[in-house]
Amino acid sequence: MSNLKPLYDRVVIKRTEEEKVSAGGIVIPDSATEKPIKGEVVAVGEGKVFDNGNVRAPKVKVGDKVLFGKYSGTEVKLDGVEYLVVKEDDIFAILA
């Protein structure tokens, strides 16, 4: 992961896998599952730069579990692993 360093207010997320079995015990095939909207932050940029030159530090940090928009960001494949690069504004919440 050291090869990918996001700029400014960008955040790199590794999606977490969704459950493959429903609550009733039914196995859900890959073709029927949607892309997950949960993931773990693996890299964070320096922060958002405002017009006056001030920089706001990011609210998320490496290791945080987050929720993000279903169609947010850009998918990147690096060393066989898929990552999602999103703006910090596209992250809805940090999971406790």
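This is a short walk through one protein chain, from its overall layout to single residues.

First, the ground rules. The model is predicted, so local features need pLDDT of at least 70, side-chain atom pairs count only at pLDDT 80 or more, and totals for chains, interfaces and linings use all residues. Residues are numbered from 1 along each chain as its sequence is written, and side-chain values use heavy atoms, with hydrogens and water left out.

Start with the overall layout. The protein chain has zero helices and eight strands. Helices here are DSSP runs of H or I with at least four residues, strands are runs of E with at least two, and numbering starts at the N terminus. Along the sequence, the pattern reads β-β-β-β-β-β-β-β.

Now contacts, meaning heavy atoms within 4.5 Å. Take those between residues at least 6 apart in sequence: 61% of them join residues at least 24 apart.

Next, burial. Buried means under 20% relative accessible area, exposed means over 50%, and partly exposed is in between, using a 1.4 Å probe and protein chains only. Of the 96 residues in the protein chain, 26% are buried. The chain exposes about 6600 Å², and carbon and sulfur atoms supply 54% of that. Areas come from the Shrake-Rupley method with a 1.4 Å probe; for residues, only the protein chains shown count as cover.

On to the strand pairing. Two strands pair if DSSP finds at least two bridges between them. E1 and E2 run antiparallel, joined by five bridges. Val-11 has Val-44 in E2 as its bridge partner. E2 also pairs with E5, again antiparallel, over three bridges. There, Lys-38 stands opposite Leu-67 in E5. One general point: in a regular strand the side chains alternate between the two faces of the sheet.

Which residues make up the largest nonpolar core? There are 10: Val-11, Ile-13, Val-41, Val-44, Val-60, Val-66, Phe-68, Leu-84, Val-86 and Ile-91. Strands E1 (10-15), E2 (38-44), E5 (65-68) and E7 (81-87) each give two or more residues to this core. By core I mean buried Ala, Val, Leu, Ile, Met, Phe, Trp, Tyr and Cys residues joined through side-chain atoms within 4.5 Å.

Stay with Val-44 for a moment. Leaving out residues up to four places away in sequence, Val-44 touches Lys-5, Pro-6, Arg-10, Pro-58, Val-60, Lys-61 and Val-62.

Tyr-83 sits in strand E7. Tyr-83 counts as buried because its relative accessibility is 10%.

Now the salt bridges. The rule is a side-chain nitrogen of Lys or Arg within 4 Å of a carboxyl oxygen of Asp or Glu. That gives six salt bridges.

Glu-75 meets Arg-15 at 3.4 Å, N to O. Glu-75 is in strand E6 and Arg-15 in strand E1, 60 residues apart, so this pair links distant parts of the chain. Arg-15 is buried at 19% relative accessibility, whereas Glu-75 is partly exposed at 42%.

Lys-65 meets Glu-40 at 3.2 Å, N to O. Lys-65 lies in strand E5 and Glu-40 in strand E2, so the pair ties together parts 25 residues apart in sequence. Both ends are partly exposed: Lys-65 at 37%, Glu-40 at 31%.

Asp-64 meets Lys-61, also at 3.2 Å, N to O. Is each end buried or exposed? Asp-64 is buried, at 10% relative accessibility. Lys-61 is exposed, at 54%.

Now the surface. Leu-7, Tyr-8, Val-49 and Val-55 form a nonpolar patch with about 400 Å² of accessible area together. Patch residues have over 30% relative accessible area and no salt bridge; like charges are joined within 9 Å, and nonpolar side chains (Val, Leu, Ile, Met, Phe, Trp, Tyr) within 5 Å. Val-49 belongs to strand E3 (residues 48-49). With a relative accessible area of 42%, Val-49 is partly exposed.

Last, the backbone. Most residues other than glycine have a negative phi. Tyr-8, from that patch, has a positive phi of about 50 degrees. Tyr-8 lies in the segment before E1. Asp-79 has a positive phi too, near 55 degrees. Asp-79 is in the loop between strand E6 (74-78) and E7, and is exposed at 69% relative accessible area.
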